[in-house]
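Good morning, and thank you for making time for this presentation. I shall go through one model, chain by chain, and then turn to selected residues.

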Amino acid sequence: MISASRVAVLAAVVFLAACGGGSDTPVEPARPTLQLREIVITDSTGRVLSYSHRDHWHGFPVVPMASGLAVRVFYSTDQRDADDHDMPARTSWITMDTLSAEYNVRTVISDTTVARFSGDRRGGLFTGMRANSASVVSFVVRRGTATLFEAPPLNFTVR
Amino acid sequence: MRNGLQLFMLGVLACAAAACEHPIAVITPHIEASELLVRDTSGRLLAQTVDNQRWTGGSIEVPAGDSLPLMIRLLDFQGREFSLESRGSDYSVRMDIEQAASAVWEPLTRFGWLRGFAPATTRMRIQIWHTDHPDFITPWLPLTVRSR
């Protein structure tokens with residue numbers, strides 16, 4: 001026959017063991033509520049040029065040397081499965097216009113002798129600097145100075 | 001009395017399980033592969049690892065401004081070829097390309113495009129990713145992006 005005190009001790013042990021290392025787990029700082037997952041790049045008419053999918057992109061922009069390429073940048077809070085390569089649903093797209101001013105985007109081209117980018121958090125203009133060349137561009141979304149999201153580098157060419 | 005005690009203990013165990021923050025997840029096994037094969041979409045073998053220490057079959061070539069469809073296959077430890085798709089949806093193919101601006105890998109279902117952007121003589125290696133970590137990493141394979 002098990003006594004009530006033994007049952008109580010056993011219950012306490014089971015509770016403590018249920019989540020091993022619970023008290024040792026570091027407490028994470030509060031995370032921003034906005035969880036950006038993907039980026040969609042369109043031209044000025046809304047035609048989709050590229051969209052990110054986890055670690056890679058589908059579609060790669062071509063920047064005309066003569067005219068440059070005006071783009072708009074959208075973000076998606078949804079992420080498709082690894083084996084589902086469709087574009088993020090348009091209903092999940094958001095623009096930075098809808099967010100407070102503390103959200104900003106850094107756009108960095110790795111080789112600025114190939115092209116340059118000027119714009120704001122809604123989009124901008126790629127200007128080709130060298131015809132028949134290629135580089136990669138990174139989009140980093142920050143809230144204040146904290147990085148929220150970084151897309152994989154996007155390859156593009158200048159023609 | 002004994003039944004009551006058993007019910008109480010079941011209740012304790014249920015509470016303990018519910019108290020745990022870690023969700024119960026189905027964990028797929030790591031990919032167990034001995035070699036990796038690179039085929040074109042007709043099935044022709046372009047390159048294969050040997051003991052996953054070196055490559056046989058030469059280098060991969062793609063013209064700048066063009067794309068090469070590739071299928072990545074694996075050999076198990078009995079030498080049987082298999083596809084990642086046959087092992088579920090938790091695996092993906094990634095490529096490291098040393099000169100990142102010269103080419104890129106665009107994976108699709110069952111195959112992917114190796115897209116050439118700028119002429120370069122560089123190297124690539126293939127990684128089989130299992131959710132958030134690589135299960136298999138090949139040695140570097142020469143990659144040539146040719147002028148058109």
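Let me begin with a term: two residues are in contact if their C-beta atoms, placed from the backbone, lie within 7 Å. In chain B, among contacts between residues at least 6 apart in sequence, 60% join residues at least 24 apart. For chain A, the corresponding share is 56%.

What you see is a predicted model. The predictor assigns the complex an ipTM of 0.79 and a pTM of 0.80. For chain B, the average pLDDT is 89, and 83% of the residues score at least 70.

I turn to the secondary structure. Chain A contains 1 helix and 12 strands, and its elements, from the N terminus on, run α-β-β-β-β-β-β-β-β-β-β-β-β. Chain B likewise has 1 helix and 12 strands, in the order α-β-β-β-β-β-β-β-β-β-β-β-β along the sequence. Of the 159 residues in chain A, 24% are buried; of the 148 residues in chain B, 24% are buried.

Now the corresponding part of the talk for chain B. Strand 1, residues 35-40, and strand 2, residues 45-50, are antiparallel partners over 3 bridges, with B:Leu37 opposite B:Gln48. Between these strands lie 4 residues of a hairpin, and B:Gly43 in the turn has a positive phi of about 100°. Strand 2 of chain B is in turn joined by 3 bridges to strand 3, residues 54-56, which runs antiparallel to strand 2. In this pair, B:Thr49 stands opposite B:Trp55. The hairpin of strands 2 and 3 has 3 residues between them, including B:Asp51 in the turn, with a positive phi of about 55°.

What is the phi of B:Asn52? The value is near 45°, which is positive in a residue other than glycine. For context, most residues other than glycine have a negative phi. B:Asn52 lies in the loop between strand 2 and strand 3 of chain B. This residue counts as partly exposed because 15 other C-beta atoms lie within 10 Å.

A second case is B:Arg110, which is not a glycine and has a positive phi of about 75°. B:Arg110 sits in the loop between strand 8 (103-107) and strand 9 (112-116) of chain B. Is B:Arg110 buried or exposed? B:Arg110 has 12 C-beta neighbours inside 10 Å and therefore counts as exposed, since the cut-off for that class is 12 or fewer.

With 14 C-beta neighbours inside 10 Å, B:Asp66 is classed as partly exposed. B:Asp66 and B:Arg115 are 49 residues apart in sequence, yet their C-alpha atoms are 6.1 Å apart in space.

Finally, the interior. In soluble globular proteins, nonpolar side chains tend to be buried together. In this model, the largest nonpolar core has 52 residues. Which residues have the most contacts inside that core? They are A:Ile39, A:Val73, B:Ile60, B:Ala103 and B:Leu143. Leaving aside neighbours within four places in sequence, B:Ala103 is in contact with B:Val62, B:Ile97, B:Leu114, B:Arg115, B:Gly116, B:Phe117, B:Leu143 and B:Val145. B:Leu143, listed here as a contact of B:Ala103, is also among the core residues with the most contacts.

Technical notes: Residues numbered from 1 in each chain as written. Chains lettered and ligands numbered in written order. Predicted model: local features only at pLDDT ≥ 70, side-chain atom pairs only at ≥ 80, totals over all residues. Core = buried A, V, L, I, M, F, W, Y, C linked by C-beta atoms within 7 Å. Buried ≥ 20, exposed ≤ 12 C-beta atoms within 10 Å, placed from the backbone. Helix = DSSP H or I, 4+ residues; strand = E, 2+ residues; numbered from the N terminus. Pairing = 2+ DSSP bridges. pLDDT = per-residue confidence, 0-100.
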